[in-house]
Amino acid sequence: MRIFVASIITLFILTACSSLKLSPAEFAWPIESVIKINDDGLAKEERYSFSFNAKALFMEEMQDSLAYVGKDLRIIRNNEGYYFITSKGFKNVYIFESSESSLSLKEKITINETGLNNPFFNQRNQFIELIDGEYKAYLTKEGLQGGAK
């Protein structure tokens, strides 16, 4: 009888601890956000209640932790929840995933060795479109999709 009671209690505990999964879920932002970085290096998007410290990103990209002063970041989120980030003068697009109280780098994609002039993102069905003048690239969480145009 004790084994039966212990089995029932264990089954109840395991059922209570199982995770709830709501799917499908759509995480995409319909259009990119252009975020001005404040004097403390914080990039904050009020519409989505989203913020992060951008100093490390500028240190990675420009080897200068103060390069963020007066700069904007171009950010868009795809339907899987990955963040695509770049800025004027950046050579790369950075793809981040949400982590515990942080953003973790998933991919760093070199786009232009001399730096982007006026980049912007568009949300497309299966990818994120990056446009910089005549240059056009399609991005997924893994990197460039089908090359650049």
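**Close-up views of a predicted model**

**View 1. The hairpin of strand 2 and strand 3.** In the hairpin that joins strand 2 to strand 3, with 4 residues between the strands, Ser49 adopts a positive phi near 50 degrees. The structure shown here and in the views below is a predicted model. Strand 2 and strand 3 run antiparallel to each other and pair over 4 bridges, and within this arrangement Lys44 stands opposite Ser51 of strand 3.

**View 2. The stacked pair of Phe50 and Tyr83.** A pair of aromatic rings is described by the distance of the centres and the angle of the planes. The count of aromatic pairs in the model comes to 9. One of them is the stacked pair of Phe50 and Tyr83, with 4.7 Å from centre to centre and 15 degrees between the planes. Because Phe50 belongs to strand 3 (residues 50-53) and Tyr83 to strand 5 (residues 83-86), the pair ties together parts that lie 33 residues apart in sequence. Phe50 counts as buried at 9% relative accessibility, and Tyr83 is likewise buried, with a relative accessible area of 6%.

**View 3. The stacked pair of Tyr94 and Phe96.** The ring centres of Tyr94 and Phe96 are 6.4 Å apart and their planes meet at 25 degrees; since planes under 30 degrees apart count as stacked, this pair is therefore a stacked one. Tyr94 is buried, its relative accessible area being 1%, and Phe96 also counts as buried, at 12% relative accessibility.

**View 4. An aromatic cluster.** Five residues, namely Trp29, Tyr48, Phe50, Phe52 and Tyr83, form one aromatic cluster, in which Phe50 and Tyr83 are the partners of the stacked pair described above.

**View 5. The buried side of helix 2.** Within helix 2, which covers residues 55-62, the buried residues are Leu57, Phe58 and Glu61. These residues cover an arc of only 95 degrees around the axis, so they lie on the same side of helix 2. The elements that cover the buried residues of helix 2 include strand 4 (72-77), strand 5 and strand 6 (92-99). Just after helix 2, Gln63 takes a positive phi of about 55 degrees.

Note on methods:
Residues numbered from 1 in each chain as written. Predicted model: local features only at pLDDT ≥ 70, side-chain atom pairs only at ≥ 80, totals over all residues. Heavy atoms only, no water. Phe/Tyr/Trp six-rings, centres within 6.5 Å; stacked < 30°, edge-to-face > 60°. Helix = DSSP H or I, 4+ residues; strand = E, 2+ residues; numbered from the N terminus. Buried < 20%, exposed > 50% of the residue type's maximum accessible area, 1.4 Å probe, protein only. Pairing = 2+ DSSP bridges. Arc of directions from axis to C-beta. Contact = heavy atoms within 4.5 Å.
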